[in-house]
Amino acid sequence: MRQRDLLDLLVLAAVWGGSFLFMRLAVADFGPIALIELRVGLAALFLLPIALWRGKLPLMLSHWKSLLVVGTLNAAVPFLLYAYAAQSLGAGFLSVANAITPVWGAVVGWLWFRDKLPWLRSFGLLIGLVGIIVLVWDKLQFQAGGTGPAVLAAVSAPVFYGIAANWTKRFLAGVDALANATGSMIGAALLLLPLALYAWPDTPASLSAWSATVLLAIVCTGAAYIVFFRLIANVGPTGAVSVTFLVPVFGVVWGAWFLDEAITPSIGAGAAIILVGTALALGLLKQRA
């Protein structure tokens with residue numbers, strides 16, 4: 001991997017790890033629905049001029065139905081789940097829960113397309129699921145004020161990412177990454193707009209909440225897509241998806257540094273188990289002869 005690609009990988013992990021921090025900082029002022037509408041809407045406004053300049057509009061129009069589905073599954077629903085969970089769970093916890101995403105992509109691919117997985121990769125899926133259990137075990141509290149519903153939201157979001165990845169594989173194989181990202185962000189913004197207007201907060205948000213929201217939309221969503229697409233082009237999808245292993249590190253560090261979040265044994269153990277399972281599921285750790 002070239003030095004430029006390694007720098008892109010580190011920057012992307014730091015930015016995506018920071019997305020959970022920005023959600024934590026902004027969700028109290030905006031609420032989950034309005035916050036995510038701003039996230040996808042501002043990201044769409046950032047990406048659209050680039051897509052128009054590169055002549056992607058006809059491609060997006062011809063695949064608008066599939067892009068709307070991807071916008072729903074890959075942005076609107078999981079972003080909402082994470083924003084809801086961010087009201088009571090730390091950025092570190094959310095970033096670790098997100099690390100299971102490649103595992104769900106493999107599970108959905110196996111169920112949908114009957115993709116065959118070697119036994120070692122199947123074992124990795126099982127290990128990843130065990131890691132989720134370790135991560136959430138001490139937070140599944142469903143009494144009044146408990147974090148159980150937020151935990152279920154956080155661990156459910158990656159399932160939608162997995163479905164979206166396989167939907168893209170099935171119905172958007174001929175659509176390039178920039179058109180996919182721009183079209184899906186537009187679709188998510190249009191889908192959430194009526195809900196956001198209904199749920200818009202009555203009191204003005206603080207400057208810090210607006211700043212966190214703009215950074216979440218422009219840096220962690222719009223610009224991050226561009227860096228991710230460049231990584232895919234330079235090092236391939238397997239190399240690019242290795243960012244999954246670094247995002248929890250940055251997410252936990254940012255949460256502890258800026259929000260004084262505790263790094264609990266369950267977060268540390270869950271992260272380690274999830275990342276080992278994900279590495280096996282992706283085929284990054286292979287059986288020695």
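1. Lining of the second largest pocket. In this predicted model, three helices each supply at least two residues of the lining of the second largest pocket: α3 (57–62), α4 (64–85) and α9 (177–199). Helix α9 gives the most, with four residues. The volume of this pocket is about 190 Å³. The residues that line the second largest pocket are L48, L57, M60, L61, W64, L67, L68, G183, I186, G187 and L190.

2. How many residues of each class line the second largest pocket? Nine are nonpolar, two are polar and none is charged. Glycine counts as polar in this scheme, and the lining includes G183 and G187.

3. The cavity. A search of the whole structure finds one cavity of 30 Å³ or more. The volume of the largest cavity is about 40 Å³. Its lining is made by G92, V252, G255, A256, E261, A262, I263 and I267. Helix α11 gives the most to this lining, with three residues. By class, the lining of the largest cavity has five nonpolar residues, two polar ones and one charged one. Among the lining residues is E261, which returns in point 6.

4. Salt bridges in general. Side chains of opposite charge can pair when their charged atoms come close. The cut-off used here is a side-chain nitrogen of Lys or Arg within 4 Å of a carboxyl oxygen of Asp or Glu. By this rule the count for the structure is three salt bridges. The next three points take them in turn.

5. The pair D8 and R4. The side chains of D8 and R4 form a salt bridge, with an N to O distance of 3.8 Å. Where do D8 and R4 lie relative to each other in helix α1? They are four residues apart in this helix (residues 3–30), so about one helical turn separates them. Is D8 buried or exposed? D8 counts as buried because its relative accessibility is 5%, and the limit for buried is under 20%.

6. A second salt bridge joins the side chains of R24 and E261, at 3.6 Å from N to O. This pair links distant parts of the chain, with R24 in helix α1 and E261 in the loop between α11 and α12, 237 residues apart. The relative accessible area of R24 is 26%, so R24 is partly exposed. E261 has a relative accessibility of 15% and therefore counts as buried. E261 is also one of the residues that line the largest cavity.

7. The pair D176 and K56. D176 and K56 form a salt bridge in which the closest N and O atoms are 3.4 Å apart. D176 is in the loop between α8 (148–171) and α9, while K56 is in the loop between α2 (32–53) and α3, so the pair ties together parts that are 120 residues apart in sequence. D176 is partly exposed because its relative accessible area is 26%. K56, at 17% relative accessibility, counts as buried.

8. D260 is in the loop between α11 (247–259) and α12 (265–281). Is D260 buried or exposed? With a relative accessible area of 68%, D260 is exposed, because exposed means over 50%. The loop between α11 and α12 also holds E261, the partner of R24.

9. W119, F123, L126 and V130 make a nonpolar surface patch of about 420 Å². One of these residues, F123, lies in helix α7 (residues 119–136). F123 counts as partly exposed because its relative accessibility is 42%.

10. A223 and A188. A223 belongs to helix α10 (residues 207–241). Its relative accessibility is 27%, so A223 counts as partly exposed. A223 and A188 are 35 residues apart along the chain, and 17 Å separates their C-alpha atoms.

Note on methods: Residues numbered from 1 in each chain as written. Predicted model: local features only at pLDDT ≥ 70, side-chain atom pairs only at ≥ 80, totals over all residues. Heavy atoms only, no water. Patch = residues over 30% accessible without salt bridge, like charges linked within 9 Å, V, L, I, M, F, W, Y side chains within 5 Å. Areas by Shrake-Rupley, 256 points an atom, 1.4 Å probe, with all protein chains shown as cover. Buried < 20%, exposed > 50% of the residue type's maximum accessible area, 1.4 Å probe, protein only. 1 Å grid on protein atoms, 1.4 Å probe; cavity = no way out; pocket = protein on both sides within 12 Å on 5 of 7 lines; lining within 4 Å. Points joined across faces, edges and corners; volume = space filled by probe spheres on them.
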